Amino acid sequence: MLKRHKNKKGMKQMNQSKAFIFDMDGLLFDTENLGIRASIEVGKALGYPITRDLVLKVIGVTHAACEATYRAAIPQFDGQRFFPAFAQWMQETVKKEGLGIKEGVKPLISFLREGGFPCALASSSPMELIEFYLERADMTGWFDQVVSGTMVKRSKPAPDIFLLAARKMGVEPERCMVFEDSINGVKAGRAAGMRVCMVPDLIPYTPDLAGYVDWLKPTLQAALDSLKEEMK
């Protein structure tokens, strides 16, 4: 159980987890299925035979890591052609179809902000897409820090992006809790020495992930309910 104390606002504050870090795609926003569509359609237009199974291998990683995986499968793959077209496809489609926000996202982040807990967004996506999604979700300014995968050398499952987010918030890694949906993400959170809450999206939880996951929740709303219980 988490220890707690009261902050100036009177809310019971957790002593172990005093800051919270969120992934973005597949956790906050329903963009993973959209990303698969984009990858396949943009790949087809550029002559790259990208499949769903191939895209699933790169969920949660940076463009650099994605390019290495794609190029291993498709030697002619060129990230300088693909990624700008991918970003354009995503933005145009979100403008037409809307951006799906996952259950519990705004209630959970609002609860933490009201309690005075620092919150960071740490996504492997480029800052351009992060800012676009936050704007479309009317969530610009909701996070104390926003970290993109382009700001670190190593992609998830390396811990770099989460360690940078903690450093920017001025909080020790062991006092942070990470919310993630991907296998690469939960492994990165554990490697950073943080508590990890997995909320699976396209890739399900399997028993071999037990060593990386502290909480397994179906939605962020369920995670919020559990946090409220721990703070009593």
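**Notebook: a walk through a predicted model**

I began in the sheet, where Ala 120 stands opposite Gln 145 in β5. Before going on, I noted that this is a predicted model, in which local features need pLDDT of at least 70 and side-chain atom pairs count only at pLDDT 80 or more, while totals for chains, interfaces and linings use all residues. Residues are numbered from 1 along each chain as its sequence is written, and side-chain values use heavy atoms, with hydrogens and water left out.

**Entry: the sheet**

I looked up the neighbours of that spot and found that Leu 121 has Val 146 in β5 as its bridge partner. Strand β4 (residues 119-123) and β5 run parallel and are joined by 4 bridges. My helix and strand names follow DSSP runs numbered from the N terminus: helices are H or I with at least four residues, strands are E with at least two. Two strands pair if DSSP finds at least two bridges between them.

In what order do the strands of the open sheet stand? I read β5-β4-β3-β6-β7-β8, 6 strands with parallel pairing. At the edges I found β5 and β8 (215-216), each with a single partner strand, so one side of each is left without a neighbour in the sheet.

I then followed the chain from β4 over α6 to β5, and these make a right-handed β-α-β unit. Right-handed here means that, with the strands pointing away from the viewer, the path from the first strand over the helix to the second runs clockwise.

**Entry: the loops around β5**

On the way from α6 to β5 I stopped at Asp 138, which sits in the loop between them. Asp 138 has a positive phi of about 60° although it is not a glycine. Is Asp 138 buried or exposed? It is exposed, with a relative accessible area of 59%. I use buried for under 20% relative accessible area, exposed for over 50% and partly exposed in between, with a 1.4 Å probe and protein chains only.

Past β5 I reached Ser 155, in the loop between β5 (145-148) and α7 (160-169). Ser 155 is buried, at a relative accessible area of 14%. A polar atom of the Ser 155 side chain lies 3.0 Å from the backbone nitrogen of Thr 62. Which residues touch Ser 155, leaving aside its neighbours within four places in sequence? I listed Gly 60, Val 61, Thr 62 and Ala 65 (contact means heavy atoms within 4.5 Å).

Pro 157 is in the loop between β5 and α7.

**Entry: the rings**

How many aromatic pairs are there? I got 13, with this rule: rings of Phe, Tyr and Trp (its six-membered ring) pair if their centres lie within 6.5 Å, and planes under 30 degrees apart count as stacked, over 60 as edge-to-face and the rest as tilted. One of them is Phe 29 with Tyr 133, edge-to-face at 6.1 Å centre to centre and 65° between the planes. Phe 29 lies in the loop between β3 (19-22) and α1 (32-46) and Tyr 133 in helix α6 (residues 127-136), so the pair ties together parts 104 residues apart in sequence. Phe 29 is buried at 0% relative accessible area, and Tyr 133 is buried at 1%.

Next I looked at Tyr 70 and Phe 82, an edge-to-face pair with 5.9 Å centre to centre and 85° between the planes. Both are buried.

The charged end of Arg 195 sits over its ring, 5.0 Å from the centre, and Lys 217 lies over its face at 5.1 Å from the ring centre. A charge sits over a ring if NZ of Lys or CZ of Arg is within 6 Å of the ring centre and within 35 degrees of the ring normal.

**Entry: helix α9**

I finished at helix α9 (residues 220-230), where the buried residues include Leu 220, Leu 224 and Leu 227. Thr 219 caps its N-terminal end, with a side-chain oxygen 3.3 Å from the backbone nitrogen of Gln 221.

Last, I compared Leu 224 with Phe 20: they are 204 residues apart in sequence and 12 Å apart in space, C-alpha to C-alpha. Phe 20 lies in strand β3 and is buried at 0% relative accessibility.

Note on methods: A polar contact is a pair of N or O atoms within 3.5 Å; within protein, one must be able to donate a hydrogen and the other to accept it, and residues adjacent in sequence count only if both atoms are side-chain atoms.
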